[in-house]
Amino acid sequence: MSAAYSYRNDPAVPDFPDDKPLIIFDGDCGFCSLDVDFVLRHDKQGLFRFTPAQSPLGTALMRHYGFRTDDYETSLLIEAGVAHIYSDSVLRVVELLGGVMGMTATAMRLVPRFIRDGVYRVVARNRMKIAGRRQTCRAPTPDERERFL
């Protein structure tokens, strides 16, 4: 994709704290919001930050990495300035959560990327059928607010 921290040189990307991994998700997607809820439940160390793809920051990062901003085909994980996409983003998030789930995600990397990404794309294409569309972006609770950009 791009060099690490390449978004820092892109005037279209607003400055943001990038000292923690950032998950950019489709805030209108029920499936994606369930994913965020899952991460929040299992992220006991407060490792991740989040922003909806519909936010100014999310939209700018999606554009920076060459993705559409009208129909989200992937969530992004920005970790140490590097973008992880498609199945790699999901696996890396779960790896960082650790434990048995993290080990399972690491083992899933043995599956060739073209197969993993193919499954990811089928789910992504059908995510609204699977979990529906939200009327509004997922709003953080007061306890979660500091983790959302």
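This is a predicted model: local features need pLDDT of at least 70, side-chain atom pairs count only at pLDDT 80 or more; totals for chains, interfaces and linings use all residues.

Biologist: How many helices and strands does the secondary structure of the protein come to?

Modeller: The protein has 6 helices and 4 strands. Read from the N terminus, the elements run β-α-β-α-β-β-α-α-α-α. As for contacts between residues at least 6 apart in sequence, 68% join residues at least 24 apart.

Biologist: In what order do the strands form the sheet?

Modeller: The order is β2-β1-β3-β4, in an open sheet with mixed pairing. Its edge strands, each pairing on one side only, are β2 (49-52) and β4. From one strand to the next, the twist averages 25°. Helix α2 (residues 56-64) packs on this sheet and touches β1, β2 and β3, its direction making about 90° with that of β1. Helix α3 (residues 86-97) also packs on the sheet, where it touches β1, β3 and β4; its direction makes about 55° with that of β3.

Biologist: Which strands pair with β3, and in which sense?

Modeller: Strand β1 (residues 22-25) pairs with β3 in the antiparallel sense over 3 bridges. Within that pairing, I24 stands opposite L76 of β3. Strand β4 (residues 82-84) likewise pairs with β3 in the antiparallel sense, over 3 bridges. There, A83 in β4 is the bridge partner of I78. The two strands β3 and β4 form a hairpin with 2 residues between them, and A80 in the turn has a positive phi of about 50°.

Biologist: Which way do the side chains of strand β3 point, and are they buried or exposed?

Modeller: The general idea comes first: in a regular strand, side chains alternate between the two faces of the sheet. In β3 (residues 76-79), L76 and I78 point one way, while L77 and E79 point the other way. All four of these residues are buried.

Biologist: Let us turn to a charged residue in a helix. What is the nearest side chain of opposite charge to D117, and how far away is it?

Modeller: D117, which lies in helix α5, is buried yet has no salt bridge. The nearest side chain of opposite charge is R113, 4.6 Å away. Leaving aside residues up to four places away in sequence, D117 touches Y86, S87 and D88.

Biologist: Where is G118 placed, and what is its relative accessible area?

Modeller: G118 also belongs to helix α5 (residues 113-125). Its relative accessible area is 32%. Because buried means under 20% and exposed means over 50%, G118 counts as partly exposed.

Biologist: How far apart are the C-alpha atoms of G118 and S87?

Modeller: These C-alpha atoms are separated by 8.7 Å, whereas the two residues are 31 residues apart along the chain.

How values were computed
Residues are numbered from 1 along each chain as its sequence is written. Side-chain values use heavy atoms; hydrogens and water are left out. Buried means under 20% relative accessible area, exposed over 50%, partly exposed in between (1.4 Å probe, protein chains only). Two strands pair if DSSP finds at least two bridges between them. Axes are lines fitted to C-alpha atoms, for helices over the stretch in contact, and angles run from 0 to 180 degrees between N-to-C directions. Contact means heavy atoms within 4.5 Å. Lys and Arg count as positive and Asp and Glu as negative; His and the chain ends are not counted. A salt bridge is a side-chain nitrogen of Lys or Arg within 4 Å of a carboxyl oxygen of Asp or Glu.
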